[in-house]
Amino acid sequence: MSETSFRDPQSGGSLILAWQAKAKTILIVGGGAVAAGRVFSALEADANVTVVAPALCAELQHRADNKQIQWHERVFEDRDLDDASMVLTAISDRDESRRIATMCRERRIPVNAADINDLCDFWFMSTHRDHSVQIAVSTNSKAPRLANRIRRTVASALPRGTGLAVEKIGRLRQRIREVDPSPTNGKRRMNWLTQLCDYWPIEQLARMDSDNIDDLLAAYVQQADPQSVTIAHDSAPQSPTLASKTNGTQTPDKATNCTRGSLVLVGAGVGDPDLLTVKAHRELRHADIVLADKLIPEAVLSIISCEIYTARKFPGAASEAQDDLNQRGLAELAQGKRVVRLKQGDPFVYGRGGEEILFYRSHGYEAEIVPGLSSAINGPGLCGIPVTHRGVADQVLVVSGANRNGDLPTVPEYVSTRTLVILMAVKRLPDIFQLLSNASYPDSLPLAIVERAGCPDQRTVRATLGSIVDTVERVGHNAPGLIVAGNAVNVLSDAAIQDRFLDSSVAGLHSGE
């Protein structure tokens with residue numbers, strides 16, 4: 001008999017399994033943050049979760065209040081093991097953890113003791129979840145932190161809509177089993193589904209709707225090629241991963257053989273085109289049309305060579321202008337164009353970027369995101385104001401002075417080491433003064449108005465909370481601007497800083513004003 005060469009096993013690994021815990025009782029000993037993480041994982045596996053602990057952290061208390069878990073408000077007792085299919089300890093008492101683990105082994109109950117590897121029958125892995133797709137990375141307890149990095153790398157490489165694609169294929173597979181349940185036809189079912197799963201783009205599978213599934217089912221019954229079915233392209237995959245990397249070109253729809261438009265949401269930063277990201281420059285060069293906010297500085301607009309459509313935003317008509325931009329974007333995308341939506345600062349810092357993502361997603365388009373420098377942090381910095389400074393300011397609060405319906409923001413009580421940045425509020429200075437006074441902000445607190453940060457005509461008006469209203473009435477205001485309040489305002493305001501960042505009309509308006 002001839003020798004056959006087989007692969008030698010590599011020792012030192014773990015047996016990787018997907019444990020079916022549905023309706024089984026998992027006992028968790030402990031009520032802190034680690035226990036909360038274990039509870040969440042168990043609940044996602046549809047287990048019945050029992051927690052034993054004298055007290056619970058806020059998350060576990062929420063789950064107990066909402067009947068997601070059963071809580072025994074006491075320390076562990078041996079009888080708690082009676083109905084357990086699995087035990088997880090997350091307590092600081094290592095001796096008690098060891099005692100519990102020993103009892104579990106005597107009863108043949110799998111056990112995991114947090115941070116005590118030699119007591120564990122299994123380890124928790126770094127996991128990624130997207131619908132029914134679960135990806136787990138284990139370093140066999142050698143480098144848990146590195147496992148998180150590996151998991152992120154793997155997850156970021158997944159095609160957009162992977163989880164939804166699995167859900168849709170699962171529905172189709174179930175339908176096929178219903179119309180062709182015979183065990184003898186298993187190979188036929190597998191071969192036909194293989195054509196679909198191995199050769200169709202995952203993004204297209206994710207876009208299948210109920211009609212597509214009906215058509216594919218009919219194709220299976222007739223044993224027709226799955227490619228004979230056209231996948232609709234007017235619904236986008238709702239995956240946690242926002243967008244695939246692109247090279248500035250439109251995306252061909254392989255299942256429909258047509259070209260779809262593509263959308264990029266770009267942050268314009270603080271006003272200086274030199275402070276745009278490299279990717280933002282590239283997207284603006286590759287765009288077929290740019291939909292721009294009204295306050296985008298001319299210096300940024302000047303680097304764009306394609307058509308620019310500017311939002312018509314006027315007081316009291318912001319929503320109408322937003323709707324106009326959205327509809328123009330849809331029209332351009334329907335023509336297969338590469339649309340860049342250019343927003344001031346960073347799109348997700350009081351820029352309504354999230355609303356636009358959801359709007360376009362509801363119409364079948366997923367935007368690629370290009371962040372920009374936010375004026376909330378970088379505007380003060382460009383004008384010589386660090387929002388944090390050791391020994392002076394150790395926290396930053398950013399609020400909008402123009403919330404929905406024109407409401408003023410909610411500001412917590414004054415803290416001397418906090419820097420407060422208020423966007424879109426200079427025109428409401430008297431109201432802001434009263435708001436801060438009501439929150440115990442002292443009249444002597446340094447305050448600055450940063451105007452047109454990053455532009456050639458940027459200006460800083462410095463005063464105090466008690467004098468800022470009169471100061472602005474005297475020197476005027478050049479929009480757009482933001483308010484910075486806190487002891488960090490003047491921490492760098494020596495003569496050099498004053499000469500560089502203050503124009504002659506406000507010279508001398510420092511903390512002593």
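This is a predicted model: local features need pLDDT of at least 70, side-chain atom pairs count only at pLDDT 80 or more; totals for chains, interfaces and linings use all residues.
Let us begin with strands E17, residues 446-451, and E19, residues 481-485, which pair in the antiparallel sense over five bridges. Two strands are said to pair if DSSP finds at least two bridges between them. Helices (H or I, at least four residues) and strands (E, at least two) are DSSP runs, numbered from the N terminus. Within this pair, Val 450 has Leu 482 of E19 as its bridge partner.

Residues are numbered from 1 along each chain as its sequence is written, and side-chain values use heavy atoms, with hydrogens and water left out.

E17 and E19 belong to an open sheet of five strands, ordered E15-E16-E19-E17-E18, with mixed pairing. Its edge strands, each pairing on one side only, are E15 (395-400) and E18 (459-464). From one strand to the next, the twist averages 20°. Helix H13, residues 375-382, packs on this sheet and touches E15, E16 (418-423), E17 and E19. The direction of H13 makes about 80° with that of E19. Axes here are lines fitted to C-alpha atoms, for helices over the stretch in contact, and angles run from 0 to 180 degrees between N-to-C directions. Contact means heavy atoms within 4.5 Å.

Is Gly 466 buried, exposed or partly exposed? Gly 466 is partly exposed, with a relative accessible area of 42%. The terms are set as follows: buried is under 20% relative accessible area, exposed is over 50%, and partly exposed is in between, with a 1.4 Å probe and protein chains only. Leaving aside residues up to four places away in sequence, Gly 466 touches Phe 433 and Asp 443. Between Gly 466 and Ser 437 there are 29 residues in sequence and 9.1 Å in space, C-alpha to C-alpha.

I turn now to another sheet. Five strands form an open sheet with parallel pairing, in the order E12-E11-E13-E10-E14. Here the edge strands are E12 (307-310) and E14 (368-370), each of which pairs on one side only. The twist averages 20° from one strand to the next. Strand E11, residues 289-292, runs parallel to E12 and is joined to E12 by four bridges.

Helix H12 lies across E10, E11, E13 (338-343) and E14, running at about 180° to E10. The buried residues of H12 are Gly 353, Glu 356, Ile 357, Phe 359, Tyr 360 and Arg 361. As a general point, an α-helix has 3.6 residues a turn, so residues three or four places apart point the same way. Just after H12, Gly 364 takes a positive phi of about 95°.

How many cavities of 30 Å³ or more does the structure hold? The structure holds one. On a 1 Å grid over the protein atoms alone, a cavity is a set of points where a 1.4 Å probe fits but cannot get out; a pocket is an open set with protein on both sides within 12 Å along at least five of seven lines; and lining residues have an atom within 4 Å of a point. Grid points are joined across faces, edges and corners, and a volume is the space filled by probe spheres set on the points.

The largest cavity holds about 40 Å³ of space. Its lining consists of Leu 263, Leu 265, Arg 341, Glu 356, Ile 357, Tyr 360 and Ala 367. Strand E10 (262-267) and helix H12 (353-362) are the elements that give two or more residues to this lining. H12 provides the largest share, three residues.

Finally, the chain as a whole. The protein chain has 16 helices and 19 strands. Of its 513 residues, 43% are buried. Among contacts between residues at least 6 apart in sequence, 63% join residues at least 24 apart.
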